[in-house]
Amino acid sequence: GAGTNIANLSTTTNGVSSIYATNTGSTPAYIKLYNKATLPVLATDIPEMIIVVPAAVSGVPGVYTLPIGFSGLRFNSGLGIAITGGSADTDTTAVTAGQVKVKMSRNS
């Protein structure tokens, strides 16, 4: 939906093994992943990593892929996610409903 789409995906150790994301917006969007077991707080929490999903061009969605493999990137405390319109660690800019779609594979 519209907003920053904050979620806590896991409260235990996870490995993110792949990500596929699209952005239909006219500006880049930012997927922020947090190494924590509770819901991220955008105004204060610092993401473990920030992924830029490019803007759409001539109606074709921008695409980001992260094919990491079986072991993946480890998030020892848990895994939180947010999607924002700005790149700063504590940005709270909302994206529009349906603008960014994310498919993620995880393992524990």
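Colleague: In what sense do β1 and strand β7 (residues 79–84) pair, and over how many bridges?

Modeller: Strands of a sheet pair through backbone hydrogen bonds, either parallel or antiparallel. Here β1 and β7 pair in the antiparallel sense over three bridges. Two strands count as paired if DSSP finds at least two bridges between them, and strands are DSSP runs (E, at least two residues), numbered from the N terminus, with helices being H or I runs of at least four residues.

Colleague: What should I know about the coordinates and the numbering?

Modeller: This is a predicted model, in which local features need pLDDT of at least 70 and side-chain atom pairs count only at pLDDT 80 or more, while totals for chains, interfaces and linings use all residues. Residues are numbered from 1 along each chain as its sequence is written, and side-chain values use heavy atoms, with hydrogens and water left out.

Colleague: What is the strand order of the open sheet?

Modeller: The order is β1-β7-β3-β4, four strands with antiparallel pairing. β1 (7–10) and β4 (49–53) stand at the edges with a single partner strand each, so one side of each lacks a neighbour in the sheet. From one strand to the next the twist averages 25°, with axes being lines fitted to C-alpha atoms (for helices over the stretch in contact) and angles running from 0 to 180 degrees between N-to-C directions.

Colleague: Over how many bridges does β3 pair with β4, and over how many with β7?

Modeller: β3 and β4 pair over five bridges in the antiparallel sense; β3 and β7 also pair antiparallel, over five bridges. On the β4 side, Tyr-30 has Val-52 as its bridge partner. On the β7 side, Leu-33 stands opposite Ile-81.

Colleague: Which residues of β3 point one way, and which the other way?

Modeller: In a regular strand the side chains alternate between the two faces of the sheet. From β3, Ala-29, Ile-31 and Leu-33 point one way, and Tyr-30, Lys-32 and Tyr-34 point the other way. Six of the six residues in β3 (residues 29–34) are buried, where buried means under 20% relative accessible area, exposed over 50% and partly exposed in between (1.4 Å probe, protein chains only).

Colleague: Which residue forms a salt bridge with Asp-45?

Modeller: Side chains of opposite charge can pair when their charged atoms come close. The cut-off for a salt bridge is a side-chain nitrogen of Lys or Arg within 4 Å of a carboxyl oxygen of Asp or Glu. The structure holds one salt bridge, and the partner of Asp-45 in it is Lys-36, with the closest N and O atoms 2.5 Å apart. Asp-45 counts as buried because its relative accessibility is 17%; Lys-36 also counts as buried, at 18%.

Colleague: How many helices and strands are in the protein, and what is its radius of gyration?

Modeller: The protein has zero helices and eight strands. Its radius of gyration is 13 Å, close to the 13 Å from the globule rule for 108 residues, so it is as compact as a globular protein of that length. That radius is taken over C-alpha atoms, and the rule is 2.2 Å times the number of residues to the power 0.38. Of the 108 residues, 40% count as buried.

Colleague: Where does Ala-88 lie?

Modeller: Ala-88 is in the loop between β7 and β8 (100–107). At 43% relative accessibility, Ala-88 counts as partly exposed.
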